[in-house]
Each structure stands twice: as C-alpha cells, then as structure tokens.
Amino acid sequence: MIPEPAPEPASEPGPVSARLSRATASLRGLAVGDALGSQFFVPANYAALQSGDLPPGPWAWTDDTEMACSVLAVLVAHGRIDQDALARSFAEHHDFDRGYGPAVNRMLRLIRQEGADWRELAAGLFNGQGSWGNGAAMRIAPLGAWYAGDPEQATHQAEISAYTTHQHREAVVGAMAVAAAAALAADPAGPDDPDALLGAVLELVPRSAVHAGIRRARDMLDYADVATVAAVLGCGRRTSAHDTVPFALWAAARHLGDYERAFWTTARVGGDVDTNCAIVGGIIAARTGGEPPATWTRWTEPLPEWAGSA
C-alpha cells in the first residue's frame, strides 16, 4: 500500500534557507562519492584505489546523483515530497547514459514518453513484488539533511519518496534508514557516538532484513577489518537495499566528520562502489565539518541548476 503524503510537521526544523544549505551540502557530498566512486569500475584505476591516489578528473556522476537532484528539487518546490512531482522529475531528467538499471530505465521512459502511471509501473516490477534494489536509498541523504532535527519526519518523507520507484518493503526501509542517519548526522545536537547513531536509526525503522543488518552493523562497530565487515553485511554486490544499507551506515557511523577516510574505507571493499560512496558521502557531508576535500569537489561534475541547490 502506498502511504499517503503527510501534512507538514507542526514545527519546521529551521528556516528554509538553513534546510536548503544542509541538504545542498549533503547533495554535494553524495555527488562526490558517486562520481569518484564510479571511477573505480574502470580497470585502469584499480591500482589507484588501493594506493589512495586520485584518478584523472573530471569525474561525472551517475543516476545516484541525478535522482538525488530530483529529490532536492521537489523539496524546494513543495516543502515536502510530492510523489507525482518526484516521479515526473525523475522521468523528465532521466539520462539513459547515467547507469540506470534496466527496470528503472524502462519505467522512466514510459512515464516520459507515454504518460504511464508510476503507481502501476512501480507496483508491477519483479512480478508484482516491487523492486528491493538500493536505488531509493542511494538518493535520499539530502532529504534527511533537509529534516535535520526531525528524524521521524525524515523517515516518513523517505518512505513516501521510495514508493515512486521501489515498492518492496526492504527498499523502502533502506531509504528510511539512510534518511534517518542523515537527519541525525545533520543535527548539531545529534549523536556523535557511532553506537548511539545506529541505535537511534534502529528505533526509527521497522523490523526487516535492513533492520537486522543495521543491528549486525552496530555489533561490528569495533571491527577494524573492513573486508570482514563487508563480507558479513554485504556491500551492494547484489544491489539490494539489505545488501547495501547496513554496510554504508556502518562506514558512515565510524567516520563522522572525516569524509576522505570514510570514502576510502567504503570504496576499497568493492561491490556497488558508487552507490555505497554516494550514501556514505551524503550522510557524512550533512554534518558540519564533513564536507569532501575541496579538490575532490572541483573535479566532480557540477550539480545541475534545476536541482534548486543553494
């Protein structure tokens, strides 16, 4: 069942300018993680990944960033997630060459070219089960930053946003978890301790495989062997929400305030590198002092004007 859009919260988490500034910072961090992470699918860059050297720029972002731009644009225009506006923005700005999965490629083309109903298309994916992929989670950190100080509203708006493309419960919960983490990270009064951060996320999302994975991630916060953590939690090799989100939240929680270290830790385990790094980058950059290195930002493809970023 597709959730009904929620009314605006009675107390807004800060003025629009402050929310936009936080969300834009998160979006930039997401874009850098996505664009730089995607460079390591190129075999010639494998050695640079292990040595910590940067591949030649400029770095183009993928569908992760393009869809995140639509999320922010809709928040700017409506003050909340409007599902029809979000689906329309996804379809209008859909660039086939950005690396979308085949199911979403077809869905967005049908919406744009034939005026198809996103509700029917999203519900019909994968024999009516809906997609449990990580696409709803990869784009949602800026929404969490927008709702800093109100993680409950962040999780609700993330749930609404997910249904426009991903209607399997695991994909929806994955988006909710990332939004909650970003909302908590962006809040100056939010938890600094990794265990407290993941504990707060667990309280905000329903029981699910994603929830169980985050619980395991919390138990592994003291593990220094990242390869072992990724082997247990998954790192997006199956591109499912429950194979992606727990590890991404583990990496973000352990490296709050240190974008560069968070990126290399996340990227070196492999898997769905651009999406993992987009999620981690969006959460880390939502927090004051968590922005990516200036050189990395300069080498990353600029955000489009239509995103409505600050």
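Modeller: Before we start, a definition: Ala, Val, Leu, Ile, Met, Phe, Trp, Tyr, Cys and Pro count as nonpolar, Asp, Glu, Lys and Arg as charged, and the others, Gly among them, as polar. Please also keep in mind that this is a predicted model.

Biologist: Thanks! With those classes, how do the residues of the lining of the largest pocket divide?

Modeller: The lining is made up of 29 residues. Sorted by class, they come out as nine nonpolar, 13 polar and seven charged.

Biologist: And how much space lies in that largest pocket?

Modeller: Elements that give two or more residues to its lining include helix 3 (63-78), helix 5 (102-114) and helix 16 (273-286). Gly-101, Ser-131, Gly-133, Asn-134 and Thr-239 are the lining residues nearest the pocket's centre. The space in the largest pocket is about 570 Å³.

Biologist: Which element holds Phe-126, a residue other than glycine with a positive phi?

Modeller: The phi of Phe-126 is near 55°. The element that holds Phe-126 is helix 6.

Biologist: Let's turn to the rings. What kind of aromatic pair do Phe-40 and Phe-263 form?

Modeller: The structure holds eight aromatic pairs. For Phe-40 and Phe-263 the distance is 6.4 Å centre to centre, and the angle between the planes is 45°. Planes under 30 degrees apart would count as stacked and over 60 as edge-to-face, so this pair is tilted.

Biologist: How many residues apart are Phe-40 and Phe-263, and are they buried or exposed?

Modeller: Phe-40 sits in the loop between helix 1 (16-38) and helix 2 (46-51), while Phe-263 is in helix 15 (residues 259-267). Because its relative accessibility is 4%, Phe-40 counts as buried. Phe-263, at 3%, is buried too. The pair links distant parts of the chain, and the separation is 223 residues.

Biologist: How far is the charged end of Arg-98 from the centre of the ring of Trp-61?

Modeller: To count as sitting over a ring, CZ of Arg must be within 6 Å of the ring centre. The charged end of Arg-98 does sit over the ring of Trp-61, and the distance to the ring's centre is 3.9 Å.

Biologist: Which residue's side chain makes a polar contact with the side chain of Gln-153?

Modeller: Gln-153 lies in helix 9 (residues 151-162). At 11% relative accessibility, Gln-153 is buried. Its side chain makes a polar contact of 2.8 Å with the side chain of Gln-157.

Biologist: How far apart in space are Gly-144 and Ile-283?

Modeller: Gly-144 is placed in helix 8 (residues 141-146) and, at 0% relative accessibility, counts as buried. In sequence, Gly-144 and Ile-283 are 139 residues apart. In space, C-alpha to C-alpha, they are 8.3 Å apart.

Methods
Residues are numbered from 1 along each chain as its sequence is written. This is a predicted model: local features need pLDDT of at least 70, side-chain atom pairs count only at pLDDT 80 or more; totals for chains, interfaces and linings use all residues. Side-chain values use heavy atoms; hydrogens and water are left out. Rings of Phe, Tyr and Trp (its six-membered ring) pair if their centres lie within 6.5 Å; planes under 30 degrees apart count as stacked, over 60 as edge-to-face and the rest as tilted. Helices (H or I, at least four residues) and strands (E, at least two) are DSSP runs, numbered from the N terminus. Buried means under 20% relative accessible area, exposed over 50%, partly exposed in between (1.4 Å probe, protein chains only). A charge sits over a ring if NZ of Lys or CZ of Arg is within 6 Å of the ring centre and within 35 degrees of the ring normal. On a 1 Å grid over the protein atoms alone, a cavity is a set of points where a 1.4 Å probe fits but cannot get out, and a pocket is an open set with protein on both sides within 12 Å along at least five of seven lines; lining residues have an atom within 4 Å of a point. Grid points are joined across faces, edges and corners, and a volume is the space filled by probe spheres set on the points. A polar contact is a pair of N or O atoms within 3.5 Å; within protein, one must be able to donate a hydrogen and the other to accept it, and residues adjacent in sequence count only if both atoms are side-chain atoms.
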